[in-house]
Each structure stands twice: as C-alpha cells, then as structure tokens.
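Biologist: Hi, could you show me the protein we wanted to talk through today?

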Amino acid sequence: MNDDKTTTAARVKIYVTTAPLLTAMFSQIRELAKKKPEATLNANKVKMINRLLVDIKEVLADEPESKYLDVLSDDDLPQNSDVLLVLSQYSASLKMFESRYYRPDEFDMEYDWHTS
C-alpha cells in the first residue's frame, strides 16, 4: 500500500453517504436472489440502484478497479443474481477505497481519511 496516496474531501463525503446505502441494498438483493435468483427487477428498482451506483462510480473514478464497474441496463432488465454480482463488485471496490485512504495518521496513529 502506498501511504502517501490521498483522495479528495468531496469523494470521502460521497463515500460516507453511499457506503451504508450500498450495504443495505446489497443485503436486500442478496435475500431476493436467495429466494428467486432468476426473477427480473422492475425498471423502478433498476433506476434506484443505478442512481446509487453512479454516485459510487464518481468516488471510484480514479481508482484502478473502476474499469470493472458497470451500471445496470435499463433496456434489458437484470435478474436478481446479476444485480447481486454487480453490487458485490461495488462493495469490494468501496472496501479497497477505504483501506487505501482511511488509515492511521503517522503522528498520533489515529485513523483518519487522507485527503489532499
């Protein structure tokens, strides 16, 4: 890990807002996928999920894993299992973002966001 890497305060703010929402959404979709993995999401749910994913993509835009993140298709509505896969990629990417930028300060060893 490169300890001199920083991110912006704006990205941290979006992260702090979206990470818990993604966790809750991921949990809900996981439950749906357990019951009916092949069931298709409706357009309203896809729109709601994509709204969150677009914000998260903004946070991760300059990160190496961003090239693997896609939003859901509005035209070809995805199945629960497909959505679960996409959300798991976003979840892993946010965890990598946090581990990259939320770390101990070199002076007092208190965890803090390293921003420019």
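Modeller: Here it is, and we can go from the whole fold down to single residues; keep in mind that this is a predicted model.

Biologist: Thanks! How many helices and strands are there in the protein?

Modeller: There are three helices and two strands. Starting from the N terminus, the order is α-α-α-β-β.

Biologist: And what does the C-alpha trace span along its principal axes?

Modeller: It spans about 50 × 25 × 20 Å.

Biologist: What share of the 116 residues is buried?

Modeller: Buried residues come to 34% of the 116.

Biologist: OK, on to helix 1. How many residues does helix 1 have, and how far does it reach?

Modeller: Helix 1 has 27 residues and runs 40 Å from its first C-alpha to its last. That is close to the 39 Å expected at 1.5 Å a residue.

Biologist: Where is the kink in helix 1?

Modeller: The kink sits at threonine 18 and is about 30 degrees, shortly before proline 20.

Biologist: Which residues of helix 1 are buried?

Modeller: Threonine 18 is one of them, and the others are Arg11, Val12, Tyr15, Ala19, Leu22, Met25, Phe26, Ile29 and Ala33.

Biologist: What covers those buried residues of helix 1?

Modeller: The cover includes helix 2, helix 3 and strand 2, which is residues 111–113.

Biologist: Let's look at the pairing with helix 3. At what angle do helix 1 and helix 3 pack?

Modeller: Helix 1, residues 9–35, and helix 3, residues 80–101, pack at about 150 degrees, and their axes are 9 Å apart. The crossing of helix 1 past helix 3 is left-handed.

Biologist: Which residues of helix 1 and helix 3 meet there?

Modeller: From helix 1, they include Tyr15, Leu22, Phe26 and Ala33, and from helix 3 they include Asn80, Leu84, Leu87 and Phe97. Sorted by class, that contact has 14 nonpolar, four polar and three charged residues.

Biologist: You mentioned Ala33. Why does alanine 33 count as buried?

Modeller: Its relative accessible area is 10%, and buried means under 20%. Leaving out residues up to four places away in sequence, alanine 33 touches Asn80, Ser81 and Leu84.

Biologist: New topic: helix 2. Why does the span of helix 2 agree with what it should be?

Modeller: With 17 residues at 1.5 Å a residue, helix 2 should span 24 Å, and its end C-alpha atoms are 25 Å apart, so the two agree.

Biologist: Which residues of helix 2 are buried, and what do they pack against?

Modeller: Val46, Ile49, Asn50, Leu52, Leu53, Ile56 and Val59 are buried. They pack against helix 1 and helix 3.

Biologist: Last one: how many residues does helix 3 have, and which of its residues are buried?

Modeller: Helix 3 has 22 residues and reaches 32 Å from first to last C-alpha, close to the 32 Å expected. Its buried residues include Val83, Val86, Leu87, Tyr90, Leu94, Phe97 and Tyr101. Among the elements that cover the buried residues of helix 3 are helix 1, helix 2, strand 1 (102–104) and strand 2.

Key: Residues numbered from 1 in each chain as written. Predicted model: local features only at pLDDT ≥ 70, side-chain atom pairs only at ≥ 80, totals over all residues. Heavy atoms only, no water. Axes fitted to C-alpha atoms, helices over the stretch in contact; angles between N-to-C directions. Helix = DSSP H or I, 4+ residues; strand = E, 2+ residues; numbered from the N terminus. Left-handed = near helix turned anticlockwise from the far one by under 90°. Contact = heavy atoms within 4.5 Å. Nonpolar A, V, L, I, M, F, W, Y, C, P; charged D, E, K, R; others polar. Expected span 1.5 Å × (residues − 1). Bend = angle between axes of the 7 residues up to and from the residue. Buried < 20%, exposed > 50% of the residue type's maximum accessible area, 1.4 Å probe, protein only.
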